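Please look over the model shown here before reading the briefing that follows. The points are grouped by topic.

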Amino acid sequence: MPFSVRKSFAVLLWISVAMLVALQVGYRMSPAGVFAPAARVSDWGPPVLWSLSVLAVLVALAWPPVIPALRVRFGEFWRRLGSDRAPLYDGLSRLRHLETHDDRLRVGRAARQLGEFGLAFENLNRAVELDPQHVGSRFQLGALAVDLGHLPQAVELLHSVVRDDEQHAFGDALFLLGRCLFRLHESRAAIPVLRRHQQLFPGSRQTHLLLARALADTGDLPAARVELAAAKAPPSDNRRLEPREALARAQARVTVLRSGQTPTETGTGAA
């Protein structure tokens with residue numbers, strides 16, 4: 001789900017201010033009315049927090065994807081929080097005087113990384129208009145369309161990227177194209193795309209899992225089980241998987257393949 005770090009902090013700030021104002025107004029109207037709820041919270045707070053903690057541990061133990069999913073989400077949040085906004089502001093400053101494709105692309109890419117999806121779409125779309133042949137611009141706009149859930153537009157853009165450079169973005173273009181086709185219930189079209197990704201970039205558990213689901217969707221359960229087993233397999237050298245790969249492996253461990261199953265979301269590619 002797309003989110004903006006700046007907007008999230010703004011919402012939390014306004015909520016905090018509103019709570020302080022409400023407490024101040026409540027205290028002036030009725031001091032006892034403010035302290036009574038606080039006493040109830042102090043009585044019930046620790047048992048409730050303890051129960052929620054135990055429940056969270058049980059859920060994490062019972063459902064393996066929980067912890068890897070939290071790691072992925074936290075990583076996204078931390079990356080956006082630590083992203084440098086200087087390229088965004090510099091590009092916007094230059095665009096006030098002269099519009100160029102490079103600045104549109106630079107601003108759009110920075111805005112997408114920061115979670116400013118409206119600004120990202122405006123600039124990436126304009127970058128593609130200024131230079132329709134630029135593969136990187138089309139990929140960034142296609143990846144943004146995936147983020148926003150505009151899958152038909154994403155498929156059109158990613159098809160054009162793969163046609164010109166199927167290894168673009170270290171295989172992310174191929175993976176995202178296969179993922180979009182699967183989510184659009186076009187599993188037969190997704191399978192050769194994902195197979196090609198495996199040939200060029202072998203070993204991705206995200207691809208193995210997505211391909212297993214696509215094959216099961218077309219009724220090829222034997223081949224789907226082979227792909228699912230590859231997605232479940234631990235690293236051969238006992239190295240630690242990167243968060244999205246760990247999430248895909250955890251999802252594979254709880255996946256039950258059924259012929260003609262309805263497509264469901266998998267881990268996202270690192271676009």
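**Briefing on the predicted chain**

The accessible surface of the protein chain comes to about 15,500 Å², and 62% of this surface belongs to carbon and sulfur atoms; accessible areas come from the Shrake-Rupley method with a 1.4 Å probe, and for residues only the protein chains shown count as cover. This is a predicted model, in which local features need pLDDT of at least 70 and side-chain atom pairs count only at pLDDT 80 or more, while totals for chains, interfaces and linings use all residues. Residues are numbered from 1 along each chain as its sequence is written, and side-chain values use heavy atoms, with hydrogens and water left out.

**Confidence**

- The mean pLDDT (the predictor's confidence in each residue, from 0 to 100) of the protein chain is 85, and 79% of its residues reach 70 or more.
- Among the elements of the chain, helix H9 (residues 172-183) has the highest mean pLDDT, at 98, whereas helix H2 (residues 31-62) has the lowest, at 64.
- Over residues 263-271 pLDDT stays under 50, and for these residues the model has 33 contacts (heavy atoms within 4.5 Å) beyond four places in sequence. Where pLDDT is low, the predicted coordinates should not be read in detail.

- The protein chain has 13 helices and zero strands, where helices (H or I, at least four residues) and strands (E, at least two) are DSSP runs numbered from the N terminus.
- Of the contacts in the protein chain with a separation of 6 or more, 62% are between residues 24 or more positions apart.
- Buried residues (under 20% relative accessible area, with a 1.4 Å probe and protein chains only) make up 40% of the 271 residues in the protein chain.

**Individual sites**

- Ser187 lies in helix H10 (residues 187-200) and is buried, with a relative accessible area of 3%. Leaving aside neighbours within four places in sequence, Ser187 is in contact with Leu181, Phe182, Ala214, Asp217 and Thr218.
- Leu12 is found in helix H1 (residues 5-29).

How values were computed. Buried < 20%, exposed > 50% of the residue type's maximum accessible area, 1.4 Å probe, protein only.
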